Amino acid sequence: VAAAFVAMGVWQYIEVRQNISSGQRTTGEVVGLSGNGRTYAPLVRFSAADGREITFRHTVSSDPPGYGVGEKVEVVYNRAAPDNAYINSFWSLYAGPLTAIPFGLLFLSIPLWVRFYFYWHERKLAWLRQHGRIIRATVTAVRRDYSLTIYNRQPFRIYASGTDPVT
């Protein structure tokens, strides 16, 4: 799933870059707002180079609406498929990649951190097995330590006594 988020974000970024570099630019007008009652996306109308009037729904919706009815906006569209159009602003072009890639990398890093933790823990145990010594100890007392507070609670201290078999 994480790799899919990253791949989707990279694909969106490449598509946007291609559309910007090879796309036709023109001015459009916000003719309405399309929404679900919580967020609103502008409906933009523009004239394509072949004379057709194209109306498209912007891909980014927000509350409050990012654009008002009657507002002029710069539009980038594909000459071969004018219905494939975007409002030429940073957020509208890069919202998809800017959300998908970081979330994908975050989700991808979680299993790596878990793997690193277990690897580190196993190395520590291996070092203790190789260099450490087992000693027998007897628990002599368990007391609450009132001199220390962790999360508004006083921890317990466990006292033990034992002898080192080497000495």
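R25 counts as partly exposed, at 39% relative accessibility. The cut-offs are under 20% relative accessible area for buried and over 50% for exposed, with partly exposed in between (1.4 Å probe, protein chains only). The model is predicted: local features need pLDDT of at least 70, side-chain atom pairs count only at pLDDT 80 or more, and totals for chains, interfaces and linings use all residues. Residues are numbered from 1 along each chain as its sequence is written, and side-chain values use heavy atoms, without hydrogens and water.

**Exercise 1. Find the salt-bridge partner of R25, and say which parts of the chain the pair links.**

Step 1. Apply the criterion: a side-chain nitrogen of Lys or Arg within 4 Å of a carboxyl oxygen of Asp or Glu. Searching the whole structure gives four salt bridges.

Step 2. Take R25. Its partner is E74, and the closest N and O atoms are 3.5 Å apart.

Step 3. Strands here are DSSP runs of E, at least two residues long, numbered from the N terminus. R25 sits in strand β1 (residues 24–35) and E74 in strand β4 (residues 72–77). The two residues are 49 residues apart, and the pair links distant parts of the chain.

Step 4. Check the partner's surface. E74 has a relative accessible area of 37% and is partly exposed.

**Exercise 2. Find the salt-bridge partner of K72, then classify both residues as buried, partly exposed or exposed.**

Step 1. K72 pairs with E29, with 3.2 Å between the closest N and O atoms.

Step 2. K72 belongs to strand β4 and E29 to strand β1, so this bridge ties together parts 43 residues apart in sequence.

Step 3. Read the accessibilities. K72 is exposed, at 54%. E29 is partly exposed, at 31%.

Step 4. E29 has K72 as its bridge partner in β4.

**Exercise 3. Which residue forms a salt bridge with D50, and how exposed are the two?**

Step 1. The partner is R52, whose closest N and O atoms to D50 are 3.2 Å apart.

Step 2. R52 reaches 41% relative accessibility and counts as partly exposed. D50, at 53%, counts as exposed.

**Exercise 4. Work out how β1, β2, β3, β4 and β5 are paired.**

Step 1. Set the rule: two strands pair if DSSP finds at least two bridges between them.

Step 2. Start at β1. Six bridges join β1 to β2, in antiparallel fashion. G35 stands opposite Y40 in β2. The β1–β2 hairpin has four residues between its strands, and G37 in the turn has a positive phi of about 95°.

Step 3. Stay with β1. Another six bridges connect β1 to β4, again antiparallel.

Step 4. Move to β2 (residues 40–47). Five bridges join β2 to β3, and the two run antiparallel. L43 has R57 as its bridge partner in β3, and V44 has F56. Five residues separate the strands of the β2–β3 hairpin, where G51 in the turn has a positive phi of about 95°.

Step 5. Finish with β4 and β5. Three bridges join them, antiparallel. Y77 stands opposite A85 in β5.

**Exercise 5. Which residues of β3 are on its covered face, and which are on its uncovered face?**

Step 1. β3 spans residues 53–57. Its covered face holds I54 and F56.

Step 2. The uncovered face carries E53, T55 and R57.
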